[in-house]
Amino acid sequence: MAQTPMTIERRPFSVEPFTHMMLPDGIFDTALIKQRITCYYTNVSGQDLKHASIYLEGVGDPGIVPVAETHVFAEIPAGASVRVSWLADFQNATPGKKMVSFIAQADGMDLNRTIERIFVSETKQDANTGEYTCTVEEGTLRISRFEMIGPKSEWRPCDDKDERCRPSQGPWVPAGMTAVWEPNPGYQGVHGELPFADPWWKILAWIVAVVAAIVAIVAAVMGAGTAGIAIGGTFDESTGEVNCCEPAPGAIPGSAFTVAGAASVVAMVAVAVGLADDADPWWRGQEATPPGPGETTLAERVEVSFDYPEGAPTAGKDFPVQVKWTYRRQTDVKAYEHSVEEEQRNLHVSDGVTVDVPAVHHAFAGPLVIRSRFAREGGGFFAGQDLYAFALLRSPDDVYFVVDLADDGIEADEKANDGTYTGSIHLERIYPILLKQGKKLEGLWRVYLFAQDVNDATPDMLPEVAATHIGGFPIASGINVTFDPNLPCPLEAKATVQVVA
């Protein structure tokens with residue numbers, strides 16, 4: 001029999017299960033014990049596949065323990081990409097590239113084994129110094145002096161009378177940091193080995209910022225600390241300084257925390273934007289400071305400050321970030337420096353988001369269907385496996401439910417790869433949950449949309465080329481980060497539905 005014609009065209013990525021957010025560039029990190037190994041499986045044949053099943057066979061790291069689960073599809077249309085995921089425990093994982101084996105099999109065909117790589121980093125905090133370290137096989141990135149911009153009402157007075165002075169410990173958007181890369185081992189020549197031989201060093205800095213925020217959110221889910229919309233200067237949310245996005249006590253665990261998680265990813269994306277998509281300060285600094293013959297580079301330090309001339313970062317918008325950075329290469333002989341002042345812009349943008357839901361929905365007359373489209377800048381739409389997307393559905397009494405959105409031509413989605421991401425939810429099935437909490441089913445429900453782009457790098461790309469293909473950037477978010485103290489945590493519903501019995 002012929003092998004099942006299904007394959008994984010884009011590498012698997014990490015989704016944190018409480019916030020439902022993809023981690024920066026899809027990289028897994030051991031600081032988050034539970035993560036979902038997520039990927040798109042594509043039917044590469046010209047025919048529909050019947051009774052297809054997909055499961056995760058194993059991971060090449062005994063420290064990663066997935067929960068066994070088989071995804072079964074009555075039919076997968078020709079060319080469709082279905083999103084599948086498996087919850088896994090990463091507590092004892094080791095950093096590096098790990099091989100994961102997946103199996104797909106359709107009716108009347110032999111199984112098809114696909115082996116893909118996932119990237120795992122290890123982020124830890126020094127409780128005494130507050131310094132964070134992010135370790136991969138190629139070395140360790142140490143991050144300190146994270147400064148954050150808070151709302152203007154919290155800005156401190158300055159001796160130089162600069163009205164833009166910022167709090168040393170503010171919530172939300174990064175304003176500066178010091179990051180030191182220690183290669184393992186030291187190297188000779190201009191360029192060192194890229195982390196995972198794939199992303200820029202800046203991705204590790206973005207991971208630290210996002211992971212630190214999500215760790216605080218997960219701690220809040222588990223009953224320890226509070227969850228703000230982003231990290232403070234010490235990465236410690238337990239102080240409760242910022243809790244404008246703390247989920248309502250009546251919310252279903254894990255769903256309302258998406259608000260805090262999405263806000264953190266949107267805010268911290270400024271780290272990645274400010275440090276450039278084409279080549280980050282480490283790569284550019286290396287090119288500007290060639291060491292002498294026989295010298296070994298031992299450490300590379302980048303000090304950077306960020307400013308936002310048009311306001312806080314906004315998901316999917318072409319916002320500018322003004323940056324000043326100084327790169328310092330330390331070899332076994334001497335130090336070299338290179339400084340840059342420039343403006344970078346967010347390249348991961350959308351030209352608008354639309355959502356189609358009924359104005360009135362009868363709760364017991366079938367599923368509530370949510371259809372959404374995410375426009376590309378310059379024309380066309382994101383489609384199929386371009387995005388990881390979901391909707392957050394909010395009841396009249398502020399109970400939240402997550403609805404996955406897919407463009408796979410299955411169930412409520414009418415056609416695969418047509419740019420319409422669709423999801424559905426049966427309200428009669430969640431009615432007992434609301435009833436148990438004393439919450440209403442009838443009334444005005446709100447729909448918030450979230451989407452992140454998926455890394456489309458291929459295994460045959462050179463490392464410096466693959467590094468320019470970055471995933472996990474939010475191109476749509478139901479929450480807007482702002483410096484306005486009167487709107488510390490604004491949610492923006494894309495649609496409303498009047499639910500009647």
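**Entry 1**

I began with F364 and found the residue partly exposed, with a relative accessible area of 47%. I note at the outset that the model is predicted. I placed F364 in the loop between strand 18 (360-362) and strand 19 (368-374). I then looked for nonpolar side chains on the surface and recorded a patch formed by F364, Y431 and L435, with about 300 Å² of accessible area together.

**Entry 1: The protein as a whole**

I next turned to the overall account. I listed five helices and 25 strands. Of the 501 residues, 58% are buried.

**Entry 2: Helix 2**

I checked the length of helix 2 (residues 257-274) against expectation. Its 18 residues should span 26 Å at 1.5 Å a residue, and the end C-alpha atoms are 27 Å apart, so the two values agree. I recorded helix 2 as mostly covered, since 18 of its 18 residues are buried. After helix 2 comes A276, for which I noted a positive phi near 80°.

Is L23 buried or exposed? I found L23 buried, with a relative accessible area of 0%. L23 lies in the loop between strand 2 (13-15) and strand 3 (28-29). Beyond four places in sequence, I listed its contacts as S14, F28, D29, L32, Q35, V210, I214 and G472. I also looked up W206, which is 183 residues from L23 along the chain; the C-alpha atoms of L23 and W206 are separated by 9.3 Å.

I then located N112 in strand 10 (residues 112-125). N112 counts as buried because its relative accessible area of 12% is under 20%. Which backbone oxygen lies 2.8 Å from a polar atom of the side chain of N112? I identified that oxygen as belonging to T4. Contacts of N112 beyond four places in sequence include T4 as well as Q3, M6, Y41, F102, I103 and A104.

**Entry 3: Salt bridges**

I counted 21 salt bridges in the structure and examined several of them. D61 pairs with K98, with the closest N and O atoms 3.4 Å apart. D61 is in the loop between strand 5 (49-59) and strand 6 (65-66) and K98 is in strand 9 (residues 96-105), so this pair ties together parts that are 37 residues apart in sequence. I found both D61 and K98 buried.

R284 and E342 meet through their side chains in a salt bridge of 2.8 Å, N to O. This pair links distant parts of the chain, with R284 in helix 3 (residues 281-288) and E342 in strand 16 (residues 335-345), 58 residues apart.

E414 forms a salt bridge with R371, and their closest N and O atoms are 3.6 Å apart. I placed E414 in the loop between strand 21 (400-405) and strand 22 (421-425) and R371 in strand 19, 43 residues apart. E414 is exposed, with a relative accessible area of 67%, whereas R371 is partly exposed at 26%.

Finally, I recorded a network of salt bridges that links R10, R376 and D386.

Notes
Residues numbered from 1 in each chain as written. Predicted model: local features only at pLDDT ≥ 70, side-chain atom pairs only at ≥ 80, totals over all residues. Heavy atoms only, no water. Helix = DSSP H or I, 4+ residues; strand = E, 2+ residues; numbered from the N terminus. Buried < 20%, exposed > 50% of the residue type's maximum accessible area, 1.4 Å probe, protein only. Polar contact = N/O pair within 3.5 Å; in protein donor to acceptor, adjacent residues only side chain to side chain. Contact = heavy atoms within 4.5 Å. Patch = residues over 30% accessible without salt bridge, like charges linked within 9 Å, V, L, I, M, F, W, Y side chains within 5 Å. Areas by Shrake-Rupley, 256 points an atom, 1.4 Å probe, with all protein chains shown as cover. Salt bridge = Lys/Arg side-chain N within 4 Å of Asp/Glu carboxyl O. Expected span 1.5 Å × (residues − 1).
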